[in-house]
Amino acid sequence: MKVHAVLDEIRERPGTGEVIPVIDPATEEQLTEVKDCGPEAVDDAVARAKASFESGVWRDLPGSERAKVLWRVGELIDQHAAELAELESLNAGMTPLQAQGTVAVGAEFFRYYAGWCTKIEGIAADVHTGGLTGIDVRQHVYTLKEPYGVVGLIFPWNGPIFNFCCKVAPSLAAGCSSVVKPAEETPLTAVILERILAEAGVPDGVANVLIGYGHTAGAAITAHPDVEKVAFTGSTEVGREIVHAAGASNLKKVTLELGGKSPVLIFDDANLEAAIPMAAFGTFIHSGQACVCGSRIFAQRGVYQQVVEGIAKIADTLQLGGPKDEGAMIGPLISQKQLTRVMGYLDQGKSDGVEVVTGGHRLDRKGYFVRPTVLTNVATTSRLFQEEIFGPVVAILPFDDEDEAVALANDSTYGLAATAWTRDLGRAHRLAKRLQAGTVGLNCQMQFDHSMPFGGYKQSGWGYESGRAGLETYLQTKIVWAQL
């Protein structure tokens with residue numbers, strides 16, 4: 001499907017709510033518009049999902065048959081990789097190279113979870129016990145892993161294809177039916193992916209894509225009594241709202257992948273030739289619009305100045321631009337709203353006496369571009385240090401010893417990711433245990449593999465995605481006792 005055809009299809013998509021403009025963040029021009037689907041569309045989509053689940057048209061298929069369909073989805077994503085990457089760049093402001101990588105990762109989600117379709121199994125045991133009755137009996141006990149039913153899949157604008165695939169693939173592998181809501185800012189690739197699911201053989205009603213605002217469509221999905229579970233990726237603030245809504249409706253289960261303020265620790269003995277470029281990459285990629293970005297860097301005093309100068313030098317060399325700008329290495333922020341948010345943090349920091357080593361301003365051109373920014377002299381009690389900015393902004397602070405580094409790193413309500421750079425193997429593994437984060441990188445950063453679980457400590461989320469844990473997210477356990 002060509003780009004102009006997708007823009008036309010989005011515009012013609014039915015809805016009863018407010019008209020939502022879809023903006024190119026690199027030019028600030030409107031690409032198309034779409035109507036918020038409205039509450040009746042949510043009810044209809046949930047009803048279709050429930051009917052498909054109860055009919056067994058998908059969940060009752062043999063695992064080998066579901067696997068064939070998921071594998072075919074991956075193949076079709078590969079076949080449509082060029083237009084998917086073009087739309088991802090256009091809509092989310094990604095560089096073409098980053099968008100291409102995102103599409104490839106998305107396709108692999110379906111191939112990876114295709115392999116799990118035939119491996120959904122419980123445990124079994126023969127038990128000889130009096131149990132709670134005190135009567136000596138022999139029993140055979142086994143567990144069943146069953147799909148939850150209708151699940152709501154809600155995800156943000158910073159990685160539309162990645163988030164679509166990392167939720168839809170395991171939910172389909174588990175046998176669930178779903179209602180899928182992409183972010184209202186970035187709905188374009190969802191149109192192609194919806195079509196790919198149908199072409200691959202996912203039955204009608206099993207995966208239902210809705211487009212609308214979070215406070216309308218998203219809220220309606222979360223509150224719907226026939227939705228048994230919600231999997232959400234986004235801000236911690238919205239995560240709290242989802243928890244409240246889920247509890248107020250039917251106590252639906254919730255998986256949350258939320259915000260981060262990830263620390264990077266660089267010790268005196270670190271390989272700075274690797275640590276400095278990776279720390280810069282790990283905070284400025286996608287203009288800092290990734291939950292795992294290392295937005296707090298702590299450098300031991302012996303290398304502190306070298307780290308500050310090295311990261312600032314890289315920040316100054318990064319070329320900003322849109323997908324059509326040759327040589328662009330990072331793109332714009334997603335929206336005027338996000339630009340205002342990021343600049344608000346920077347303006348507050350400047351008034352508080354933060355030192356701006358480099359950056360700190362937007363580009364003098366169309367588009368929501370902010371120069372990669374390196375800050376020092378940041379108070380640990382400040383909003384710049386404590387809150388997720390979601391922009392190309394890093395604070396670099398010094399530390400003296402391991403205990404101080406750990407205390408600074410853990411001084412956060414978040415706990416998504418952390419990184420430590422040191423040649424001391426014992427220290428590295430001590431830090432892995434002491435750092436309060438769901439993912440810890442030792443002399444590496446921004447690592448990902450489909451087979452490894454991903455989740456956060458503290459206010460960075462509930463539960464895990466990817467790997468076997470990502471499949472278990474969409475399965476519930478039933479225990480069956482049979483007296484022999």
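Modeller: Let's start with the term itself: a salt bridge here is a side-chain nitrogen of Lys or Arg within 4 Å of a carboxyl oxygen of Asp or Glu. Keep in mind that this is a predicted model. Searching the whole structure turns up 23 salt bridges.

Take Arg-111 and Glu-108, whose closest N and O atoms are 3.1 Å apart. They are three residues apart in helix 5 (residues 96-114), so about one helical turn separates them. Arg-111 counts as buried, at 15% relative accessibility, while Glu-108 is partly exposed at 32%.

Now for Arg-59 and Asp-60, whose side chains meet in a salt bridge at 3.9 Å, N to O. Arg-59 is partly exposed, with a relative accessible area of 33%, and Asp-60 counts as exposed at 55%.

Then there's Arg-301 with Asp-400, at 2.7 Å from N to O. Arg-301 belongs to helix 11 (residues 301-317) and Asp-400 to the loop between strand 14 and helix 14 (402-409), so this pair ties together parts that are 99 residues apart in sequence. Asp-400 is partly exposed, with a relative accessible area of 44%.

Finally, some salt bridges share partners: Asp-269, Glu-402, Asp-403, Arg-427, Arg-430 and Arg-434 are joined that way into one network. To place part of it, look at helix 15 (residues 425-434), which lies across strand 10 (263-266), strand 16 (417-421) and strand 17. Helix 15 runs at about 170° to strand 17. Those strands belong to an open sheet of seven, in the order 12-13-14-11-10-16-17, with mixed pairing.

Methods: Residues numbered from 1 in each chain as written. Predicted model: local features only at pLDDT ≥ 70, side-chain atom pairs only at ≥ 80, totals over all residues. Heavy atoms only, no water. Pairing = 2+ DSSP bridges. Helix = DSSP H or I, 4+ residues; strand = E, 2+ residues; numbered from the N terminus. Contact = heavy atoms within 4.5 Å. Axes fitted to C-alpha atoms, helices over the stretch in contact; angles between N-to-C directions. Buried < 20%, exposed > 50% of the residue type's maximum accessible area, 1.4 Å probe, protein only.
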